[in-house]
4 protein chains.
Amino acid sequence: MIRVSVVGAKGRMGSHVVDAVNGAADTQLALALDAGDDLTRISPDNTDVVVEFTVPAVSLTNVLALVAQGVDVVVGTTGWTEEKLAKVREAIAAGPRPDTQKVFIAPNFAISAVLADHFSTQAAKYFESVEVIELHHPDKVDAPSGTAIHTAAGIAAARKAAGLGPVPDNTQTDGGSRGQVVDGVHVHAVRLRGLNAHEEVLFGNAGEQLVIRADSFDRGSFMPGVLLAVRKLAGDAPAGLTVGLDKFLDL
Amino acid sequence: MIRVSVVGAKGRMGSHVVDAVNGAADTQLALALDAGDDLTRISPDNTDVVVEFTVPAVSLTNVLALVAQGVDVVVGTTGWTEEKLAKVREAIAAGPRPDTQKVFIAPNFAISAVLADHFSTQAAKYFESVEVIELHHPDKVDAPSGTAIHTAAGIAAARKAAGLGPVPDNTQTDGGSRGQVVDGVHVHAVRLRGLNAHEEVLFGNAGEQLVIRADSFDRGSFMPGVLLAVRKLAGDAPAGLTVGLDKFLDL
Amino acid sequence: MIRVSVVGAKGRMGSHVVDAVNGAADTQLALALDAGDDLTRISPDNTDVVVEFTVPAVSLTNVLALVAQGVDVVVGTTGWTEEKLAKVREAIAAGPRPDTQKVFIAPNFAISAVLADHFSTQAAKYFESVEVIELHHPDKVDAPSGTAIHTAAGIAAARKAAGLGPVPDNTQTDGGSRGQVVDGVHVHAVRLRGLNAHEEVLFGNAGEQLVIRADSFDRGSFMPGVLLAVRKLAGDAPAGLTVGLDKFLDL
Amino acid sequence: MIRVSVVGAKGRMGSHVVDAVNGAADTQLALALDAGDDLTRISPDNTDVVVEFTVPAVSLTNVLALVAQGVDVVVGTTGWTEEKLAKVREAIAAGPRPDTQKVFIAPNFAISAVLADHFSTQAAKYFESVEVIELHHPDKVDAPSGTAIHTAAGIAAARKAAGLGPVPDNTQTDGGSRGQVVDGVHVHAVRLRGLNAHEEVLFGNAGEQLVIRADSFDRGSFMPGVLLAVRKLAGDAPAGLTVGLDKFLDL
């Protein structure tokens, strides 16, 4: 059994993590902490892996503290910059387990979204046309989603590396319907009550189409990815800082 | 058997009409004419219904001539204005069969597209959110399609008539991904090699979605609609000028 | 403000109804009762419409009691037979408001599902081919869903009424992949973790396809339909027993 | 310029190949032969790569002859068995270019279908649920398609290799709607006028879904794959017999 402590246990995501850890056959909940609780209670004596889902303002401090305490950490909080990541690497080097400490940070734990992104990059060079449609609930403040921009940029880079030219497009009049162009790839954002977070990538050649679609219906969609990361850290994940769930998928 | 003559029989659409008329059990080809052929050969003696698929520059002249010759006409050529339609009505009144002459003109003969448009208007008032996505081959010069604009406008009018307010949308930053706004309805246009003409309307409420999608894979998709119009003109269609295939669907 | 009492207020559906009633601008919660509570507390003095979401074993008794107390009722509980419906009609006739009493019972409150069913029946006669795919979570015990069978039967009846023959199908070898045949319409059932309740109807002619899809992502999807029924009963719904949400949609 | 000869040039597929070879910037048509023509006219003097699209009854004979003449061959004809493939390998060993001769045979040249199959196998181990839906025109005689069976078998093998158990399915009553079970994976076959050849693979976890869909709208969908194979044979493809387009995709 992998002993898992949760930091941010009462939050929107953290409470799902607690349920997932309790529900899986190979994990058990060690400590469930939230704002105001004493992080130093977490140690290698009671915890194999910590899952940290809090807010950007406190996540770096939490991670540095946990590294100093010698426990491995899966981080789901967003807002990581290169500068912050560098501090994590320094903390690992200066910590009690410089050669074995593991920290994993991912901007997206939905396996379907990570796979869709990866497959899209692989497929990119085989198609003349490609467009990205992302669909979210109407409360989302940014459009298009960061995930869609990332997918489009990856596709564009793969097309360029393969020597492909621009996508065919004979549009001569448009009032804005053709979407935002990210590195030459058109990206469309739909906002619809009832939806949560969805992305669809359409590839086209003469006579054929390939569609790759990822649907995240609710926050529970992140849990298989969180558990996968927990198992990798308790298992054969490499020491040091790893960023991105695709690193833990055998692709 | 309904005797059908085709005007524009060698054109892209007309040649499909010839095949469809030959293929159906209840229709037979009378005359197949094209540019340069003598239209006066078509008369009630040899033809029950004419199908006219030519180009906007000559279609009005053809229709006026055919009305003067006393034959009923199904017109698939595009480019009709109110002014042109008025001339057809005048021609019917001044022609040999003012009380029984039938002329039918439709901008779109794809039954799936016409139904999708109709159902979308019916569904509009029951949903908080709605967006339209149209997808076409990349050689199309206009975006979004006239069909998509028509669908969006119909939805907007139905929402307004039902007293619905604007669709929810908390987007605060956007680089153009949210599409063109037609009467308050967001419309997105995708251009992809391999596709022909497709439209998808997404409706959303809390926890639910309704999707209505019409796919026209090739020009053959117009033939069921053309045959339906031919049968209506040979059957119980009302006399006079009728515009729009939805008039011939029992909806 | 429409005063709404909820019977079964602590149940899976009832608790959503309480939230929906509290959340809507034109409704307010009167009484929230559950098993063991005294139904006679509900009267026209405190309640305009009752929403009853309990279990089949007690629903009839509840409805008969509420009718005797003179309040209008929206019933979401399933399991209604013709025999049970007859008893409701008798209770209305024998009750305190035989000419104005309203009772509404619906097997499905998801507006998207009801519209998809209705549109499918309307579209049926215009297409050579049609198949139904329903998709649900893997805990569902029956396949295909009652909704899918209802949709297929409605389509089959519409095809028959229009004189259409059997759908084209040249399949000569099959190991069971062609699905269950309901009145000549093939129905496929998919069971997938992550899904809730979804139905897709595919119509095809040469060169074209029409797809109508309803997605119910969670129980919240029933609430717009429940509120619509509450408003109709408080408004212009006809007196007597009404069955089916389609009766309250202007279609 | 790659000089391409086509065997079966007047056939349904061959005529498309002739057009594709004429249309591409880096290929030119050498000889276009059909039944009755003299195959010995094709030699390394006039041809870099032959594309053979005939019928199973004559394809092996053609390929053996072409190998004996020392030209590389892309074969699109179906019906290859292990026994036939062995004869090709023997012919290569006994031919004029045993160390450099290239022969490529593929059951499916649609890049989208080959990628969908490959990605599905890669994704298989990350999801609790999976089902396959294939959709074809109603004239198809076998159900489900060979491609769908291949995809399902590959998914099943990947699940088994990863130690996954059976997919969750609590169905207790079913009249045949749950489809054909291929190695534990449910496969559904839809037959619809207007469609050509389509496959959709649905993967599900709690709260998320991944959908991979390949659409082949017409025979033109095979041409990008044929040209890709031609370029590989004229380029860096390994000597000997290669089977399957996935071998030529960098995946």
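By what turn and what shift along the axis can chain B be laid on chain A? A turn of 180° and a shift of 0.0 Å along the axis do so, with an RMSD of 0.0 Å. That is the relation of a two-fold axis. Copies are superposed by least squares on the C-alpha atoms of residues with pLDDT of at least 70 in both. In chain B, B:Gly179 has the C-alpha nearest the axis, 2.7 Å from it.

The model is predicted: local features need pLDDT of at least 70, side-chain atom pairs count only at pLDDT 80 or more, and totals for chains, interfaces and linings use all residues. Residues are numbered from 1 along each chain as its sequence is written, chains are lettered from A and ligands numbered from 1 in the order in which they are written, and side-chain values use heavy atoms, with hydrogens and water left out.

The two copies meet through the same surface: 100% of the contact residues of chain B recur in chain A. Contact means heavy atoms within 4.5 Å. Chain B gives 43 residues to this contact, and chain A gives 43 residues. The area buried between chain B and chain A is about 3100 Å². Carbon and sulfur atoms give 55% of that area. Buried area is the accessible area (1.4 Å probe) that two parts lose on being put together, summed over both. B:Ser177, B:Leu192 and B:Arg193 supply 19% of what chain B buries against chain A, more than any other three residues.

Chain B also meets chain C. Here 33 residues of chain C are in contact with 33 residues of chain B. The two chains bury about 2600 Å² between them, 57% of it on carbon and sulfur atoms. C:Phe119, C:Tyr126 and C:Glu208 supply 23% of the area that chain C buries against chain B, more than any other three residues.

Chains A and D share an open sheet of 10 strands with mixed pairing. Its order is β9(A)-β10(A)-β6(A)-β11(A)-β12(A)-β12(D)-β11(D)-β6(D)-β10(D)-β9(D). Strands (E, at least two residues) and helices (H or I, at least four) are DSSP runs, numbered from the N terminus. Two strands pair if DSSP finds at least two bridges between them. β9 (180–182) of chain A and β9 (180–182) of chain D stand at the edges, each with a single partner strand, so one side of each is left without a neighbour in the sheet. The twist averages 20° from one strand to the next.

Nine bridges join β12 (residues 208–216) of chain A to β12 (residues 208–216) of chain D, and these strands run antiparallel. In β12(D), D:Val211 is the bridge partner of A:Arg213. Helix α5 (residues 146–161) of chain A packs on the sheet, touching β6, β9, β10 and β11 of chain A. Its direction makes about 170° with that of β6(A). Axes are lines fitted to C-alpha atoms, for helices over the stretch in contact, and angles run from 0 to 180 degrees between N-to-C directions.

Aromatic rings were also examined. Rings of Phe, Tyr and Trp (its six-membered ring) pair if their centres lie within 6.5 Å; planes under 30 degrees apart count as stacked, over 60 as edge-to-face and the rest as tilted. The count comes to 20 aromatic pairs over all chains. A:Phe104 and A:Phe109 form an edge-to-face pair, 5.9 Å centre to centre with 75° between the planes.
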